[in-house]
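Subject: Structure handover

Hi,

Here is the structure for your files. Please open it alongside this note, which goes through what I found.

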Amino acid sequence: MRTLGLNLVGAESAVSHDARGLVGTPMALTYTQIASLFHQYREELTRRLIGMVKCRETAADLVQDTYLRLLRLGNQHVVEQPRALLHKIATNLAIDHLRKEKHSVQGIDCLDTAMAVPCHAPSPERQLLGKQRFRLFLQAIEHLPARTREAFLLCRVYGYSYQEIATRMNISESGVEKLLMRALDRSCQALEAIDNAE
């Protein structure tokens, strides 16, 4: 049987006495003795916990948890200072509660802050609409005459300069400009048709 640093003891007759009267020969407590100790110190523990957690209901819950923790010890441990052990258990539970509360408040604050930041991402509807427009735009490009489509892709997709396109296609730069203007006119017409259809 383990002996706790802060020990609960005494015979059943000693349980109703002050905690100082319980200090003596280490002894395992029965459930009846634990219940008597709990009732004897409940108000004292409640006042202490109210001072820590600033809430009567939470303090009452923590006092109940203290009792349950003490019951779990049962008669497996010997205790010499029951009042000190009760206060230690209650204090630890209050500290755990305050830590959890602090983390949950920080989590809520972070969530509120995140929710306050405007989202610049397009809505799912706008994304779908954008994909449909892009698909129709690509279809319009596919229907361009071969040389117009080639000039457009070299310029807009591959980033070639007018001079590079002219050399590659064996035409003048003004010819490249005319092909690109034709491609842009057709693509703009296709986009206008899409917009009108909506």
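A nonpolar core here is a set of buried Ala, Val, Leu, Ile, Met, Phe, Trp, Tyr and Cys residues joined through side-chain atoms within 4.5 Å. Keep in mind that this is a predicted model.

**Cores**

The largest nonpolar core has 22 residues. Leu-45, Leu-49, Leu-62, Leu-70, Leu-85 and Leu-86 touch the most other members. Helices H2, H3 (56-73) and H4 each give two or more residues to this core. H2 supplies the largest share, eight residues.

Take Leu-62 as an example. Leaving aside residues up to four places away in sequence, Leu-62 touches Leu-49, Val-53, Leu-93, Ala-94 and His-97. Another core lies apart from the largest one. This other core has 14 residues, among them Leu-144, Phe-152, Ala-166 and Leu-180.

**Salt bridges**

The count is two.

One joins Arg-83 to Glu-44, with the closest N and O atoms 2.7 Å apart. This pair links distant parts of the chain. Arg-83 sits in helix H4 (residues 82-116) and Glu-44 in helix H2 (residues 31-53), 39 residues apart. Arg-83 is partly exposed, at 38% relative accessible area.

The other joins Arg-99 to Asp-96, and here the closest N and O atoms are 3.7 Å apart. That is within the 4 Å cut-off for a salt bridge. Arg-99 and Asp-96 both belong to H4; because they are three residues apart, about one helical turn separates them. In general, an α-helix has 3.6 residues a turn, so residues three or four places apart point the same way. Arg-99 is exposed, with a relative accessible area of 52%. Asp-96 is partly exposed, at 33%.

**Helix H5**

H5 covers residues 124-142, 19 residues in total. From first C-alpha to last it reaches 27 Å, close to the 27 Å expected at 1.5 Å a residue.

Which residues of H5 are buried? They are Phe-137, Ala-140 and Ile-141. Seen down the axis of H5, the buried residues fall within an arc of 95°, so they line one face of the helix. The face turned away from that buried side carries the exposed residues Pro-124, Glu-125, Lys-131 and Glu-142.

Best wishes

Notes:
Residues numbered from 1 in each chain as written. Predicted model: local features only at pLDDT ≥ 70, side-chain atom pairs only at ≥ 80, totals over all residues. Heavy atoms only, no water. Salt bridge = Lys/Arg side-chain N within 4 Å of Asp/Glu carboxyl O. Helix = DSSP H or I, 4+ residues; strand = E, 2+ residues; numbered from the N terminus. Buried < 20%, exposed > 50% of the residue type's maximum accessible area, 1.4 Å probe, protein only. Expected span 1.5 Å × (residues − 1). Arc of directions from axis to C-beta. Contact = heavy atoms within 4.5 Å.
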